[in-house]
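Subject: Structure handover

Dear colleague,

I am passing on the structure below, followed by notes on what was found in it. Please read the notes with the structure open beside them.

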Amino acid sequence: MVLDELDFAELYRQQMQQAGRSTKAPEHWDARAEKMAEVCANPQDPYLLQLQQKMSLQGASTLLDIGCGPGSVCLNLASSLTHVYGVDYSRGMLEVAGKRAHGMGLNNVTLINKSWEDDWSEIPECDIAIASRSTLVADLRQALVKLNNHTRLRIYTTHTVATSFVDVAVQRAIGRQVVELPNYIFAVNILYQLGINPKVDYIRGPNCQNKTDTFEQFADSVSWSLGTLDEVEQQRLFDFYQHKRRLGETIVPPSRDWALVYWDKTQTL
């Protein structure tokens, strides 16, 4: 069968290399921790509400949140569980998560400074594992195996549906080479080749780049994902923004879709 001849784990690594995607240093996320808490950790955030509705906590007392950031998922679920563990390689994110846990009066939260690539022997096995918007890693197969093997009941992961965090039209307008990243299809196929048939569902969340009331807001949201724009790129982005305004067109898509890829733990890989 042709499908079995394809090495999706290797294809994923090749796509990451072609996209020029490398793991950002922890300091990159340290500097963004406070802003991430504002943008991604609101309990009423549509993405989080949909994710929590699609997760089952039945029979579970512990949860492992890998790439927890400011505690967006684990802190919101802590009151429904005996203990939750948040893991992130950014100390800044964990500091913000700790402050938020204290402010919420939670005393059943443990925060651990580890990366996907680190030794997880000190991280306890939990009933449920979640990797929410944190799966764009160097080695996806390794990450999925570690999640599976550190979990007793169920594993939930979310991945982008689109192949870019920034609308392709915006990238082209400012003269940037369009970068296409591997999306959720790679996770599904890698799990299939590991002998796991995952379930797939979808979450429609607001596009964080849809803050377009002013050009300043729009430029800030674009630079958040693409990095600092030079003067030429800023001017091109302004021209794009003004053109869309004149035509009365939507500047960027209003929503961003995520794929929820999840499965029941059946074996240690």
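Helices (H or I, at least four residues) and strands (E, at least two) are DSSP runs, numbered from the N terminus. The model is a predicted one, in which local features need pLDDT of at least 70 and side-chain atom pairs count only at pLDDT 80 or more, while totals for chains, interfaces and linings use all residues. Residues are numbered from 1 along each chain as its sequence is written, and side-chain values use heavy atoms, with hydrogens and water left out.

An unreviewed UniProt entry annotates residues 64-147 as "domain: Methyltransferase", though such annotations may be inferred rather than shown by experiment. This span is 30% helix and 24% strand, and its end C-alpha atoms lie 9 Å apart.

In the loop between β4 (126-131) and α8 (140-149) sits R133, which has a positive phi of about 55° although it is not a glycine. R133 is partly exposed, its relative accessible area being 30% (buried means under 20%, exposed over 50%, and partly exposed in between, with a 1.4 Å probe and protein chains only).

Helix α11 (residues 215-226) packs against helix α12 (residues 231-247) at an angle of about 125°, and their axes are 11 Å apart. The contact (heavy atoms within 4.5 Å) is made by F215, F218, A219 and V222 of α11 together with Q234, L237, F238, F240 and Y241 of α12. These contact residues divide into 8 nonpolar, 1 polar and no charged, where Ala, Val, Leu, Ile, Met, Phe, Trp, Tyr, Cys and Pro count as nonpolar, Asp, Glu, Lys and Arg as charged, and the others, Gly among them, as polar.

With kind regards

Key: Axes fitted to C-alpha atoms, helices over the stretch in contact; angles between N-to-C directions.
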